[in-house]
Amino acid sequence: MPKSEIHPEWYPEAKVYCNGEVVMTVGSTKPELHVDVWSGNHPFYTGTQKIIDTEGRVERFLRKYGMMDGQAEQDTAQTKKK
């Protein structure tokens with residue numbers, strides 16, 4: 001049992017709000033949490049994240065460490081010609 005009067009009040013059913021909607025409940029030391037991003041709208045978790053490849057860094061890395069297969073090298077070469 002924790003010592004009395006040294007811990008903050010615990011809210012086992014604190015509501016998490018994103019864009020004005022309750023998205024989940026969690027345990028917290030605050031009764032309400034307002035967030036801009038959560039797993040339901042973050043691109044990484046929704047599968048809409050795109051890797052921005054500037055200056056061919058990904059292809060250069062794959063070529064350097066021999067991870068590109070023949071088809072990927074041909075696709076890269078055709079893309080650079082355009």
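**Figure 1. Overview of the chain.** Buried residues make up 9% of the 82 residues in the chain, where buried means under 20% relative accessible area, exposed over 50%, and partly exposed in between, computed with a 1.4 Å probe and protein chains only. The model is predicted: local features need pLDDT of at least 70, side-chain atom pairs count only at pLDDT 80 or more, and totals for chains, interfaces and linings use all residues. Residues are numbered from 1 along each chain as its sequence is written, and side-chain values use heavy atoms, with hydrogens and water left out. The chain contains three helices and three strands, in the order β-β-β-α-α-α from the N terminus. Helices (H or I, at least four residues) and strands (E, at least two) are DSSP runs, numbered from the N terminus. The accessible surface of the chain is about 7,400 Å², and 53% of this surface belongs to carbon and sulfur atoms. Accessible areas come from the Shrake-Rupley method with a 1.4 Å probe; for residues, only the protein chains shown count as cover. Of the contacts (heavy atoms within 4.5 Å) between residues at least 6 apart in sequence, 0% join residues at least 24 apart.

**Figure 2. Pairing of strand 1 with strand 2.** Strand 1 (residues 11-18) and strand 2 run antiparallel and are joined by six bridges; two strands pair if DSSP finds at least two bridges between them. Strand 2 spans residues 21-28. Alanine 14 stands opposite valine 26 of strand 2, and cysteine 18 stands opposite glutamate 21 of that strand.

Figure 3. Asparagine 19 lies in the loop between strand 1 and strand 2. The phi of asparagine 19 is near 55°, a positive value in a residue other than glycine. Most residues other than glycine have a negative phi. Asparagine 19 counts as exposed because its relative accessibility is 67%.

**Figure 4. Strand 3 beside strand 1.** Strand 1 and strand 3 run parallel and are joined by four bridges. Valine 16 has leucine 33 as its bridge partner in strand 3. Valine 35 is also found in strand 3, which covers residues 32-35. With a relative accessible area of 29%, valine 35 is partly exposed. Leaving aside residues up to four places away in sequence, valine 35 touches Val16, Tyr17, Cys18 and Asn19. The C-alpha atoms of valine 35 and asparagine 19 are 7.9 Å apart, while the two residues are 16 apart in sequence.

**Figure 5. Surroundings of serine 28.** Serine 28 lies in strand 2. Serine 28 counts as buried because its relative accessibility is 10%. The side chain of serine 28 reaches the backbone nitrogen of lysine 30 at 3.1 Å. This is a polar contact, defined as a pair of N or O atoms within 3.5 Å; within protein, one must be able to donate a hydrogen and the other to accept it, and residues adjacent in sequence count only if both atoms are side-chain atoms. Not counting residues up to four places away in sequence, serine 28 touches Glu9, Trp10, Tyr11, Ala14 and Leu33.

**Figure 6. Glutamate 5 in the segment before strand 1.** Glutamate 5 is placed in the segment that precedes strand 1. Although glutamate 5 is not a glycine, its phi is positive, at about 65°. At 81% relative accessibility, glutamate 5 counts as exposed.

**Figure 7. Glycine 40 and cysteine 18.** Glycine 40 is placed in the loop between strand 3 and helix 1 (43-46). Its relative accessible area is 40%, so glycine 40 is partly exposed. Glycine 40 and cysteine 18 are 22 residues apart along the chain, and their C-alpha atoms are separated by 9.6 Å.

**Figure 8. A nonpolar patch on the surface.** Phe61, Tyr65 and Met67 form this patch, with about 340 Å² of accessible area together. Patches are made of residues with over 30% relative accessible area and no salt bridge, like charges being joined within 9 Å and nonpolar side chains (Val, Leu, Ile, Met, Phe, Trp, Tyr) within 5 Å. A salt bridge is a side-chain nitrogen of Lys or Arg within 4 Å of a carboxyl oxygen of Asp or Glu. Methionine 67 lies in the loop between helix 2 (57-64) and helix 3 (70-81). Methionine 67 counts as exposed, at 51% relative accessibility.
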